[in-house]
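Have the structure open while you read.

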Amino acid sequence: MKIRVGIDAMAVAVPRRYIDIEDLARARGIDPAKYTQGLGAREMAVAEPGEDTVSLAAEAARRALAAAKLGGSELGLLVVGTETGVDHSKPVASYVHGLLDLPRTMRVYDTQHACYGGTAGLMTALEWIASGSAGNRSALVICSDIARYGIATAGEPTQGAGAVAMVIGQNPAMLELDVGISGTSSTHVHDFWRPLGLREAQVDGHYSVQCYLDALADSYRGWKRRAIMRELVRDDGLVSEKLARICYHVPFCKMAKKAHLQVRKCDLEDSHVLWDAAAEDERGALSFREQVEPSLAACSRVGNVYTGSLYLSLAGLLETQAPALTGKRIGLFSYGSGCTSEFFSGVVATRAAERVSAAPIAEVLAGRQRISISEYESIMALTTPLPAPPHPGAFRFTGVVDHRRQYARA
Ligand code: HMG
């Protein structure tokens, strides 16, 4: 019998401070329209050292487990996808395991490949459950990162921070994934990387956009071949239009628009039609508004969260449109610089709206505080946690004692 597996609950954690992207543009002497229209940004999360990858991951996970009403004893696997870990050896997952007081009987580890790390964890969890190895146990997959390029760099307006935690299980309440139907693409490129010891990423920005688009074309076509073969979609022209929505990895919101146009271009090329470029521009823009834009609201208010970006876009989409999407198939594209990528899909399940209301993103965003650009610049220079009170009840990094990182819950 086929095991139905997918996302049973999701929750998001973000730092308590953010800046308005227009304030940042003005401070850098740049036309704010470049950041708002050119990149599609509105706000950017700013993490102080007390809000590190571990504390954000633990906070998101605590909320996701509460939304799923799941006890630790029902979990068999904890994977954290991250590219901004806190130790060369001890994984973020190990800290989270301790902070949430989860059972000793679990597998606990991190996965890394730039922004793809969370998807690596998700795929492992899906296959672990679909193979039958999990028994009745669920998995906890967390994507957590702090995206930093540095002050006054081209990447600065595309920074951000946050975590998305997902409970993966059988008969999922939110999204049943099409296990085994995905397309992947990997190439050894230096589009974005972060040498050991550096806090800020190195990036060849325009090249990274091209690497993303090339990987997307391969991955999408791989998914399409399998989806047609397994009769999930019919091969009659614009296959991407058979997907009710597509969530992309969102390093900045305009990237999702470029991605969507790329997917449509693949469809048009594959169907060997001669297309009218002007008419396609208009149709592409319309299809972007319907199929992609609804997933971008939360991303535009947080910025790039690396591993979590695709899942923040999915969580944001389900928060606003779950009832209308029940039973419909959506596409998902994960990209990690370096690079590797995967296009996959899933069908929105009947209890998605109920789960969303148990851990709403709107509430998380509403609890934040806007800060000035000079406050943001001071926070970026900090290496030790601020004494300011965190969100009530939130996990927090408090300092290092004898080379051991210490955490507390406020
Ligand atoms: P830039 O060179 O400063 O910007 O950096 P630009 O000159 O390319 O302009 C950006 C857009 O704004 C352009 O639109 C301009 O036309 C427009 P486009 O042509 O792209 O459609 N523009 C304006 N619009 C309105 N009014 C104006 C105006 N001026 C210009 N006045 C860049 C942009 C994205 C390169 C930079 O921010 C960057 O390096 N970001 C970091 C890298 C990145 O995000 N790459 C994305 C793909 S790689 C990826 O997704 C993986 C990643 O998440 C990491 C991981 O995997 O771990 C990054």
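A polar contact here is a pair of N or O atoms within 3.5 Å; inside the protein, one of the two must be able to donate a hydrogen and the other to accept it. With that in hand, take H260: its side chain makes a polar contact with the side chain of Y248, at 2.9 Å. One thing to keep in mind throughout is that this is a predicted model.

H260 belongs to helix 7, which covers residues 253-270. Is H260 buried or exposed? H260 has a relative accessible area of 0%, and anything under 20% counts as buried, so H260 is buried. D270 is in helix 7 too, but with a relative accessible area of 30% D270 is partly exposed. If you follow D270 through space, its C-alpha is 9.9 Å from that of V239, and the two residues are 31 apart in sequence.

**Around the ligand**

There are 27 residues around the ligand, and K34, E83, C115, H206 and K258 are the ones that come nearest.

| Protein side | Ligand side | Distance |
|---|---|---|
| A154, backbone N or O atom | oxygen atom | 2.9 Å |
| T158, polar side-chain atom | nitrogen atom | 3.4 Å |
| K258, side-chain N or O atom | oxygen atom | 2.4 Å |

On its own the ligand would expose 1,100 Å², and the protein buries 75% of that.

**Rings and charges**

Now switch to the aromatic side chains. The structure holds ten aromatic pairs. In one of them, the ring centres of Y212 and Y335 are 5.2 Å apart.

S334 is buried, with a relative accessible area of 2%.

R368 lies over the face of Y18, 4.3 Å from the ring centre. In the other case, the charged end of R409 is over the ring of F395, at 5.4 Å from its centre.

**Helix 5**

Helix 5 runs over residues 117-130, so count 14 residues. From first C-alpha to last, helix 5 reaches 20 Å, close to the 20 Å expected at 1.5 Å a residue. How many of its 14 residues are buried? Ten are, which leaves helix 5 mostly covered. Among them are G117, G118, T119, L122, M123, L126 and W128. An α-helix has 3.6 residues a turn, so residues three or four places apart point the same way. Past the end of helix 5 comes G132, with a positive phi near 95°.

Terms used
Residues numbered from 1 in each chain as written. Predicted model: local features only at pLDDT ≥ 70, side-chain atom pairs only at ≥ 80, totals over all residues. Heavy atoms only, no water. Phe/Tyr/Trp six-rings, centres within 6.5 Å; stacked < 30°, edge-to-face > 60°. Lys NZ or Arg CZ within 6 Å of the ring centre and 35° of its normal. Near = heavy atom within 4 Å. Areas by Shrake-Rupley, 256 points an atom, 1.4 Å probe, with all protein chains shown as cover. Helix = DSSP H or I, 4+ residues; strand = E, 2+ residues; numbered from the N terminus. Expected span 1.5 Å × (residues − 1). Buried < 20%, exposed > 50% of the residue type's maximum accessible area, 1.4 Å probe, protein only.
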